[in-house]
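Please read these notes with the structure open beside you.

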Amino acid sequence: MNETRLEKLRRMVRERPEDSRLRFGLAVELLNSGEIREGAEALRAYLSMAEDEGNAWARLGSALAELGEVDEAREAFARGIEIASRRGHEGLVEEMREALEDLA
């Protein structure tokens with residue numbers, strides 16, 4: 001069987017559900033494949049188990065904005081800004097601030 005990257009990641013997450021890196025990889029692949037809702041859910045699962053530096057929050061905010069879930073997108077961006085600021089990721093902070101402004 002010739003699995004796609006997405007199928008392989010889904011299988012790997014089923015086999016190792018505690019592996020947050022696999023969950024993040026699955027989320028990114030889902031988003032890249034246009035599976036925005038499932039990608040957002042995968043990001044939420046990842047964020048419930050991992051310490052993120054802001055990137056996953058930014059991706060979640062963008063996904064939620066694309067789904068029209070503006071309030072939740074604002075919350076994700078705000079959380080991401082808070083975390084990325086503490087970690088010194090100013091470029092990411094600026095991207096999320098701009099994304100927040102675009103939601104207004």
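Which helix holds both Glu41 and Arg44, and how many residues apart are they? Both lie in helix α3, three residues apart, about one turn of the helix.

1. Basis of the notes. This is a predicted model, in which local features need pLDDT of at least 70 and side-chain atom pairs count only at pLDDT 80 or more, while totals for chains, interfaces and linings use all residues. Residues are numbered from 1 along each chain as its sequence is written, and side-chain values use heavy atoms, with hydrogens and water left out.

2. Glu41 and Arg44 form a salt bridge, at 2.7 Å from N to O. The term salt bridge means a side-chain nitrogen of Lys or Arg within 4 Å of a carboxyl oxygen of Asp or Glu. By this rule the count comes to 13 salt bridges. Glu41 has a relative accessible area of 42% and is therefore partly exposed; Arg44, at 31%, also counts as partly exposed. (Buried means under 20% relative accessible area, exposed over 50%, and partly exposed in between, with a 1.4 Å probe and protein chains only.) Helices here are DSSP runs of H or I with at least four residues, numbered from the N terminus.

3. A pair in α1. Arg11 and Glu15 form a salt bridge, their closest N and O atoms being 3.3 Å apart. Both residues lie in helix α1 (residues 5–15), four residues apart, about one turn of the helix. Arg11 is partly exposed because its relative accessibility is 25%, whereas Glu15, at 51%, counts as exposed.

4. A pair between separate parts. A salt bridge also joins the side chains of Glu69 and Arg37, with 2.6 Å from N to O. Glu69 lies in the loop between α4 (55–66) and α5 (70–87) and Arg37 in helix α3 (residues 36–49), so this pair ties together parts that are 32 residues apart in sequence. Glu69 is buried, because its relative accessible area is 18%. Arg37 is partly exposed, at 45%.

5. A negative patch. Glu90, Glu94, Glu95, Glu98, Glu101 and Asp102 gather in a patch of negative charge on the surface. Patch members have over 30% relative accessible area and no salt bridge, and like charges are joined within 9 Å (nonpolar side chains, namely Val, Leu, Ile, Met, Phe, Trp and Tyr, within 5 Å). Asp and Glu count as negative. Asp102 lies in helix α6 (residues 90–103) and counts as exposed because its relative accessibility is 67%.

Note on methods
Accessible areas come from the Shrake-Rupley method with a 1.4 Å probe; for residues, only the protein chains shown count as cover. The place of a charge is taken as NZ of Lys, CZ of Arg, CG of Asp or CD of Glu. Helices (H or I, at least four residues) and strands (E, at least two) are DSSP runs, numbered from the N terminus.
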